[in-house]
Amino acid sequence: MCGIVAAVADSNIVPLLIEGLTRLEYRGYDSAGLALRDDASGGALSRFRSIGRVADLAEQAKNQSATSGIAHTRWATHGIPSERNAHPHMSDGIAVVHNGIIENYVALREMLLAQGYVFSSDTDTEVIVHLIVHLAKTAPDLFTAVAQTCKQLEGIYAIAVIRAADNCVIVSRHGAPLLLGLGDHGNYAASDASALLSVTRKIVYLEEGDVAEISLHGIRLVGAEGALLKIGVDRPIHISTLSAAEVEKGDYAHFMQKEIFEQPEVLAATLEMIGGAQSLSPNIFGATAPDIFADVNSVLILACGTSFHSGLVARYWIEQLAGIPCTVEIASEYRYRVSVPNPRQLVVAISQSGETADTLASIKFAKSLGMEKTLALCNAPESAIVRECALRFLTRAGKEIGVASTKAFTTQLAALFLLAITLGKIGRRISAKDEAEYLNDLRHLPLAVQKVLTLEPAIKIWAQRFADKHHALFLGRGLHYPIALEGALKLKEISYIHAEGYPAGELKHGPLALVDEDMPVISIAPNDALLSKLKSNLEEVASRSGELYVFADADSAITESARVHVLRLPEHYGLLSPVLHVVALQLLSYHIALVKGTDIDKPRNLAKSVTVE
Ligand code: M6R
C-alpha cells in the first residue's frame with residue numbers, strides 16, 4: 001500500500017527519496033510524487049508527480065537538488081490513479097503525503113470549503129493539507145498545527161508534512177506504519193526500514209498518535225498525550241538487521257522466484273530455536289505462554305488472504321494434535337459480526353506484515369469482547385499486530401518483496417505446526433515419542449522443500465499449456481483443501497487467470513458444471529487416507545473431458561494418460577505434506593505468469609501491506 005519517505009540532510013536528498021520509493025515499490029502503488037524544499041531560493045517548494053513508475057518520477061526530478069523533502073507512492077483508495085490525485089497535496093506553501101484513509105473527510109471537506117479552501121483532487125488526503133494551513137494561521141508553529149490537525153482526523157494515517165518556510169519535516173502516525181531513521185548526515189522517516197538502508201540502520205518505531213519534527217540536528221518527539229518523549233528512552237532505537245541482499249533480486253528474474261527458492265533457508269531459520277530438542281517449551285511463544293496456554297479451551301484464528309489459508313491448515317493440525325476446537329475467520333468479517341466471545345479461547349492473529357488493518361482491528365475487537373489470550377504469529381517484529389498481542393511468535397522469512405506471499409506462508413505453517421504440538425502436549429494428547437518424531441519431521445522440512453524445488457523444470461513445461469487458459473480449478477482434500485485455495489489465490493494474483501479452489505468432494509455439488517476441455521483442473525493428491533476418495537473425484541473430471549494436472553506423491557498410484565498429467569513430489573510427508581505441495585503450486589503459478597508476461601512482483605491493483613480497510 002502507499003509508501004512514505006521523508007528526509008532532512010546536509011546534502012542533496014533527491015537520490016535518497018527516489019531510492020527509498022524504489023525500495024517501497026513492492027508495497028504496491030499506482031502513482032508517485034515528491035515535494036522538495038529548495039534552500040537556495042529561501043524555501044520554495046517544488047512538486048513532481050507521475051502516474052507511471054518511480055523511474056518516471058526519477059526522470060522528472062533528475063536535475064533537482066534539495067536538503068529536505070517528502071516522497072510518496074500512492075495506492076488509490078479515494079479518486080482514480082491520476083496525476084491530480086497523486087501525492088503530495090499542496091496548499092499555501094505546505095505539502096502533505098499520506099498513507100491510510102481519513103474516514104471523516106467529507107465533514108472536514110465541507111467545513112474547509114465553507115472557509116474558502118479550494119480542492120484540486122478527489123482524495124480524502126487533501127483535507128489534511130488544507131486543515132493544517134487553516135490551523136497554522138493561529139498555531140505557534142507548524143508542529144502544533146500538525147498535532148492539532150491529527151486530533152481532528154478519524155481513520156488511519158501516516159503523514160509527512162513540509163512547509164516552504166521551515167527546514168524540517170513533521171510526521172505523525174495512527175494505525176498506519178511509520179518509523180524514524182537516525183543518520184550521521186541527516187534524519188529521516190519512512191514506511192519501512194528498507195527505504196532508508198543506504199543512510200541508516202538506526203530505527204525508531206513511532207507509536208500511535210506520536211508527532212515528530214525531523215530536522216538536520218535532531219528529532220523532537222511528542223506522544224499522543226502531548227508529553228515530550230526521549231528517543232532511546234521512551235522510544236527505543238533498533239538497529240535494523242535487514243541486509244541489502246534481502247531487498248535485491250540477485251540472480252533471480254523476480255523477487256517471487258527468489259523468495260520461493262529461499263524457503264529451505266527461511267524454514268530452517270524459523271525452526272532454528274528447536275535445534276536438536278526432543279521436546280518443546282511453550283515459552284517459544286512468550287514468557288507468559290505456559291500460564292495462558294494452560295487455561296485455553298479452543299483456538300480462534302484471525303487472518304486475511306494467504307495468512308488465512310495458513311490458519312485453515314492449522315485448524316486440521318490443532319484439532320488433530322491438540323484435540324481442541326479451532327475456528328478460522330477472515331478478519332474483515334469477524335470484526336463486524338456478532339459472535340459468541342469465549343475468554344478461554346486463544347486468539348491467534350496471523351500476518352506476514354503485521355500491519356494488515358483488518359487483522360489488527362479484528363484482534364482489537366476480540367480483546368474488546370474480553371478475549372485477552374492473544375498470540376501474534378508474524379514476520380515483522382515491531383509491527384502493530386505483534387504489539388497488540390500478549391504472546392508472539394516471529395517467523396524468520398526475512399523481507400518478502402513479491403506481493404504474492406510465498407516464503408511467509410510456509411514459515412507460518414512451520415510456526416503453526418509448533419503451536420499445534422505445544423497445545424497437544426499441554427493437553428496431554430501427544431506422547432513424548434510422537435513429539436520427538438514431529439520435531440524430527442520439522443527439522444527435515446527444509447531439505448524436503450529443497451527436493452520439491454527440483455521439480456521446477458517439469459513445472460515450467462506444464463506452465464506453457466496454461467498460456468491460453470482463462471480459468472482453472474484447484475482441488476484438494478482434507479489438509480490439502482486449504483492448499484488448493486492457496487494455489488488458486490497465487491494463480492489469480494499473478495497471472496490474472498480466474499481460479500477457484502475447492503475441496504474435491506464438493507465438485508459434484510456445483511463446480512463440475514464448469515469442467516470441459518478448456519478447464520485445467522489442478523489436483524493435490526498426496527498418498528494419504530483420502531487418496532482413494534480423491535481418485536474418484538478425479539474420475540468425475542476425466543469423464544467430462546477435463547484435463548487434469550496432478551501433484552502426487554511418489555507412491556500415490558495415479559496413472560498418467562493423454563489428459564492426466566502427473567508430477568510426483570519426492571517424498572510423502574504426512575501431516576507436513578501441505579508445506580511441500582504448496583511450493584509446487586507456487587512454482588506453477590510463477591511460471592504461468594512468466595509465460596503470460598504479467599508484472600509478477602507487482603500485480604495490478606494489489607498491495608503488499610494492506611493498511612486500509
Ligand atoms: O501481511 P498479511 O499476512 O496480514 O497479509 C494478508 C493478505 O493481504 C496477504 O496474504 C495477501 O493475500 C497476499 N497478497 C497473498 O499473496
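Guide: We begin with the second largest cavity, to whose lining β23 (520-525) and α17 (531-542) each supply at least two residues. The model is predicted: local features need pLDDT of at least 70, side-chain atom pairs count only at pLDDT 80 or more, and totals for chains, interfaces and linings use all residues. Residues are numbered from 1 along each chain as its sequence is written, and side-chain values use heavy atoms, with hydrogens and water left out.

Visitor: Which residues line the second largest cavity?
Guide: A cavity is a set of points on a 1 Å grid over the protein atoms alone where a 1.4 Å probe fits but cannot get out, and lining residues have an atom within 4 Å of a point. Helices (H or I, at least four residues) and strands (E, at least two) are DSSP runs, numbered from the N terminus. The lining residues are R477, I524, A525, P526, D528, L530, L531 and L534.

Visitor: How much space lies in the second largest cavity?
Guide: Its lining has 6 nonpolar, no polar and 2 charged residues. In these classes Ala, Val, Leu, Ile, Met, Phe, Trp, Tyr, Cys and Pro count as nonpolar, Asp, Glu, Lys and Arg as charged, and the others, Gly among them, as polar. A volume is the space filled by probe spheres set on the grid points, which are joined across faces, edges and corners. For the second largest cavity this is about 40 Å³.

Visitor: How much space lies in the largest cavity?
Guide: The search of the whole structure finds 2 cavities of 30 Å³ or more. Residues lining the largest cavity include C2, W75, H78, H87, H98 and D124. By class its lining has 3 nonpolar, 7 polar and 2 charged residues. The space in the largest cavity is about 60 Å³.

Visitor: Where does the largest pocket lie, and why?
Guide: A pocket is an open set of points with protein on both sides within 12 Å along at least five of seven lines. The largest pocket has a volume of about 1100 Å³, and L242, N379, A380, P381 and K399 are the lining residues nearest its centre. Domain bounds come from an automatic or database domain assignment. Both domains give residues to the lining, so the largest pocket lies between domain 1 (3-247) and domain 2 (262-446).

Visitor: Which element gives the largest share of the lining of the largest pocket?
Guide: The lining has 44 residues, divided into 17 nonpolar, 12 polar and 15 charged. At least two residues each come from β11 (202-205), β15 (238-239) and α7 (263-270). The largest share, 3 residues, comes from α7.

Visitor: What is the volume of the second largest pocket?
Guide: Its lining draws at least three residues from each of domain 2 (262-446) and domain 3 (456-596). Helix α9 gives the most to this lining, with 5 residues. The lining divides into 12 nonpolar, 12 polar and 5 charged residues. The volume of the second largest pocket is about 640 Å³.

Visitor: How many aromatic pairs does the structure hold?
Guide: Rings of Phe, Tyr and Trp (its six-membered ring) pair if their centres lie within 6.5 Å; planes under 30 degrees apart count as stacked, over 60 as edge-to-face and the rest as tilted. Ring pairs link W462, F466, Y549 and F551 into a cluster. The number of aromatic pairs is 9.

Visitor: Is the pair of F285 and F393 stacked or tilted?
Guide: The ring centres of F285 and F393 are 5.4 Å apart and their planes stand at 40 degrees, so the pair is tilted.
F285 is in the loop between α7 and α8 (289-294) and F393 is in strand β20 (residues 391-394), 108 residues apart. To repeat the term asked for, the pair is tilted.

Visitor: Is F285 buried or exposed?
Guide: Buried means under 20% relative accessible area, exposed over 50%, and partly exposed in between (1.4 Å probe, protein chains only). The relative accessible area of F285 is 0%. F285 is therefore buried.

Visitor: Which ring lies under the charged end of R604?
Guide: A charge sits over a ring if NZ of Lys or CZ of Arg is within 6 Å of the ring centre and within 35 degrees of the ring normal. The charged end of R604 is 3.8 Å from the centre of the ring it sits over. That ring belongs to Y496.
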